[in-house]
Amino acid sequence: MNDDHHSCCHRDHVEEIDPALTKAQPGQFTCPMHPEVISDTPGDCPKCGMALETVPVLSGDGAESDDHAAHEIRELSRKFWMALVLTVPVFFLAMWSMIPGNPLVEWIPKHISKWLEFAFSVVVVVWAGGIFFVKGWRSIIARHFNMFTLISIGVGAAFLCSAIATVFPHIFLESFRMDGEVGLYFEAAAVIIVLVLLGQLLEAKARTSTGQAIQALLNLAAKTAHRMVVNAG
Ligand SMILES: [Zn+2]
């Protein structure tokens with residue numbers, strides 16, 4: 001998708017960049033996949049959407065980048081757990097109706113359960129998954145299509161289609177209906193958001209421990225050096 005990776009067959013189209021000009025300095029932020037992306041502030045890579053990593057500072061304590069990473073992990077963790085708690089009922093409400101005879105329908109009729117699914121999944125998709133839509137939109141604007149382009153289009157289509165089917169079911173043709181009901185995909189949208197959040201959380205944790213290990217190694221480097229001049233004469 002990304003033509004940067006196709007240097008084998010599209011070498012003519014790849015811009016040659018002087019590595020010396022594009023090297024991020026300690027304390028700056030860069031993308032592990034795209035070293036040419038350099039920023040003075042934390043954020044996302046405009047090409048692949050990954051969170052930018054800070055370049056370790058020689059003999060620094062890395063406290064600022066640790067704070068940023070800890071904040072990112074806290075945010076992702078809060079969104080993941082909240083999304084998971086809300087997705088479980090959406091998943092069961094959707095799957096239950098597939099059991100022949102739908103035993104749950106006596107307690108929760110379909111016209112109520114679809115609104116419950118909508119209410120829970122709107123929080124998951126819009127609040128917890130909103131970051132992926134921002135990354136997806138940026139990838140479209142920058143014309144650097146990546147994983148978030150796919151996630152935002154897929155989840156967005158599933159959620160919007162289901163939301164319209166819940167609010168305005170009469171606008172759908174008869175051929176769209178199964179047993180008189182338009183198909184809903186709230187559970188698919190919510191489950192994808194939960195899984196991607198889990199992936200992002202694990203990635204952020206792994207990145208933090210790698211960064212701390214590199215910083216610890218750099219801190220072992222000699223901070224002062226003595227030059228000995230030996231007079232041969
Ligand atoms: Zn990148």
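What percentage of the 233 residues of the chain count as buried? The figure is 27%, where buried is defined as 20 or more other C-beta atoms within 10 Å of the residue's own, exposed as 12 or fewer, and partly exposed as in between, with C-beta atoms placed from the backbone. The model is predicted: local features need pLDDT of at least 70, side-chain atom pairs count only at pLDDT 80 or more, and totals for chains, interfaces and linings use all residues. Residues are numbered from 1 along each chain as its sequence is written.

**Confidence**

The chain has a mean pLDDT (the predictor's confidence in each residue, from 0 to 100) of 83, and 86% of its residues reach 70 or more. Confidence is highest in α4, at 95, and lowest in strand β4 (residues 177-178), at a mean of 77. Over residues 1-17 pLDDT stays under 50, and the model has 11 contacts beyond four places in sequence for them. Where pLDDT is low, the predicted coordinates should not be read in detail.

**Layout**

Five helices and five strands make up the secondary structure. Helices (H or I, at least four residues) and strands (E, at least two) are DSSP runs, numbered from the N terminus. The order along the sequence is β-β-β-α-α-α-α-β-β-α. Two residues are in contact if their C-beta atoms, placed from the backbone, lie within 7 Å. Among contacts between residues at least 6 apart in sequence, 62% join residues at least 24 apart.

A nonpolar core is a set of buried Ala, Val, Leu, Ile, Met, Phe, Trp, Tyr and Cys residues joined through C-beta atoms within 7 Å. The largest nonpolar core has 29 residues, of which A189, A190 and I193 touch the most other members. Two or more residues each are given to this core by α1 (63-96), α2 (110-128), α4 (147-167) and α5 (186-219). Helix α5 supplies the largest share, nine residues. Beyond its neighbours within four places in sequence, A190 is in contact with T87, V90, S121, V124 and V125. Another core, of eight residues, lies apart from it and includes C45, C48, M50 and L52.

Helix α2 packs against α4 and α5, as tabulated below. Axes are lines fitted to C-alpha atoms, for helices over the stretch in contact, and angles run from 0 to 180 degrees between N-to-C directions.

| Pair | Axes come within | Crossing angle |
|---|---|---|
| α2 and α4 | 11 Å | roughly 145 degrees |
| α2 and α5 | 9 Å | roughly 35 degrees |

The crossing of α2 and α4 is left-handed, and α2 also passes α5 in a left-handed crossing. A crossing is left-handed if the near helix is turned anticlockwise from the far one by less than a right angle, and right-handed if clockwise.

Ala, Val, Leu, Ile, Met, Phe, Trp, Tyr, Cys and Pro count as nonpolar, Asp, Glu, Lys and Arg as charged, and the others, Gly among them, as polar. In the second pair, E117, F118, S121, V124, V125 and A128 of α2 meet F186, A189, A190, I193 and L197 of α5. By class, the contact of α2 with α5 has nine nonpolar, one polar and one charged residues.

**Loop residues**

C31 is found in the loop between β1 and β2 and counts as buried because 22 other C-beta atoms lie within 10 Å. Leaving aside neighbours within four places in sequence, C31 is in contact with V37, C45, K47, C48, M50 and L52.

P32 is in the loop between β1 (29-30) and β2 (38-39). P32 has 14 C-beta neighbours inside 10 Å and therefore counts as partly exposed.

V55 lies in the loop between β3 (53-54) and α1. V55 counts as partly exposed because it has 19 C-beta neighbours inside 10 Å. V55 and Q215 are 160 residues apart in sequence and 9.4 Å apart in space, C-alpha to C-alpha.

R143 lies in the loop between α3 (130-141) and α4. R143 is exposed, since 9 C-beta neighbours lie inside 10 Å. Most residues other than glycine have a negative phi. R143 is not a glycine, yet has a positive phi of about 55 degrees.
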